Amino acid sequence: MKNHVQWESSLFELIRRTSVDLPCDIEQGLRRACKTEKKASRARWILETLLENVQKARDKDAPLCQDTGSLIFYFQVPVGFDTNALVSATRLAVARATRLGYLRQNTIDSVSGAACATNVAYGAPTFYFEQCARGTVDVRLLMKGGGCENVGKQYSLPDESLGAGRDLEGVRRCVLDAVISAQGNGCAPGILGVCIGGDRATGYECSKSQFLRKLDDKSSVKILARLEDRLLKESKALEIGPMGLGGNAALLGIKIGSMSRVPASFFVTVSYMCWAFRRRGAVLTVRGGFKKWLY
Amino acid sequence: MALLKPRRLEYPFTQEQVGSLRAGQFVLVSGLVYTARDRIHKFFFEGGKSPVDLKNAALYHCGPVVIRKDSDWVVRAAGPTTSIREEPYLPRIIKDHGVRVIIGKGSMGKVTEGACKAGGCVYLHAVGGAAQVLAEKVVSVKGLYFGEEFGLAEAMWVLELKDFPAIVAIDSKGHNLLRRIKSASLGIGRKLMKSSDPFIP
């Protein structure tokens, strides 16, 4: 690939910024949540601490959270673009970001237990590619910590224990259950990504891709937008609050998407992303030059 | 903030200091703490020897981002990791080593409640993800053990803290703040599911 250095440098900047600089929509969400909690309450103290943390990470150019997570890259490239070269430039950028302390040594060999010094290994980072009929490259990055990854859940409807049938009321019950069982773990107030349908694997993929949506957007499918609204209200009523230590703000948002399914399967998949919602993106030229930020 | 008037805890953490704490209280921790997470808990549980005396000490569930600058270690980010993964190991570790304080994050269950009660120990909940605010409470890095064997994130770092903020989540009587909140939310959740107002398109 030509301009390999340019690509590495742009991707490094994307990683650095994702690690240290919480997106504006999420910070606004935290501020709004803070106002809803009582003064001198634990919930308010936690949210104030989180906001202080956001500012410090930015000022000190240091990771928002020490768990710099799994790195998931979503690329949209022009038709015929050389994605292999993009993978190798990204790996170089990840290794450099690790060396400079923007990423923790966070990749473990699952068989030997050995820690990887560069965060570049089989399955790390993760890549998705899509070809688009335009002349620029869009790249989005999610850095998803392990604490919130561990509280993700997949339901298969009907679910008798929840009284959840194969309809949107059943989906609502699954999501409520996911919020209740995630509490105290996963670092609330987080955001839920939900996928209705798909299979065991694509359900999780689709639920995670919901995190690429902006916090204040609404589903373009009216009925799903209504379900998102209702569930967010109900999550407040559960009195779980930040970190599960009581209060209103168990969640900042709920994003629901859907995929087709086969007649025999009806999965509802819920992914949880913590308040340290590290998601950034950029439009780059085909030479890897920076054009603009997406978030 | 009246509610959040802090209690101060200082290493070594004596039975008297820890015994008077109650679930829900706000504390500021100062002095030495030892980081320990998944690998070290399993190692101690299986009878591995601690390189330091953990009597009246605190284990901090934390895997910091630390980089080498000249001859010093510099903490770039450090906050709590999820503690529930260590629950199966804790009773034995608290008993064998005389650990007095556990610092971490997230809900813990009956096993930890029992271990805290039996060992006169408390579980303190720090703010998850607040790696910069909490890294500033680390005054200095006093030592490193198991760095080679377990990797830098899983190693035992000896950290000196100053006014590290946390909430008492389980006290030495076994009262569990998060469990109380969870059982209340379960009740509310059941009502919401029974609601006569199902979601209909």
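**Packing around a core residue and a central strand**

In this predicted model, Val29(B) makes contacts with Leu9(B), Phe13(B), Ile103(B), Leu124(B), Leu161(B), Lys162(B), Asp163(B) and Phe164(B), when neighbours within four places in sequence are set aside.

Val29(B) also belongs to the largest nonpolar core, which has 130 residues. The residues with the most contacts inside this core are Val29(B), Ile103(B) and Leu124(B), together with Leu30(A), Leu192(A) and Ile254(A). Strand E9 of chain B, residues 156-170, gives the most to this core, contributing 11 residues. In chain A, domain 1 (4-19 + 64-145 + 278-293) and domain 2 (147-273) both give residues to this core, so the core lies between them.

Attention now turns to strand E5 of chain A, residues 137-144, in which eight of eight residues are buried. In a regular strand the side chains alternate between the two faces of the sheet.

With which strands does E5(A) pair? Strand E1 of chain A, residues 70-78, pairs with E5(A) in the antiparallel sense over seven bridges, and here Gln76(A) has Asp138(A) as its bridge partner. Strand E10 of chain A, residues 278-284, likewise pairs with E5(A) in the antiparallel sense over seven bridges, with Arg140(A) opposite Gly281(A).

Conventions
Residues numbered from 1 in each chain as written. Chains lettered and ligands numbered in written order. Predicted model: local features only at pLDDT ≥ 70, side-chain atom pairs only at ≥ 80, totals over all residues. Heavy atoms only, no water. Buried < 20%, exposed > 50% of the residue type's maximum accessible area, 1.4 Å probe, protein only. Helix = DSSP H or I, 4+ residues; strand = E, 2+ residues; numbered from the N terminus. Pairing = 2+ DSSP bridges. Core = buried A, V, L, I, M, F, W, Y, C linked by side-chain atoms within 4.5 Å. Domains from an automatic or database assignment. Contact = heavy atoms within 4.5 Å.
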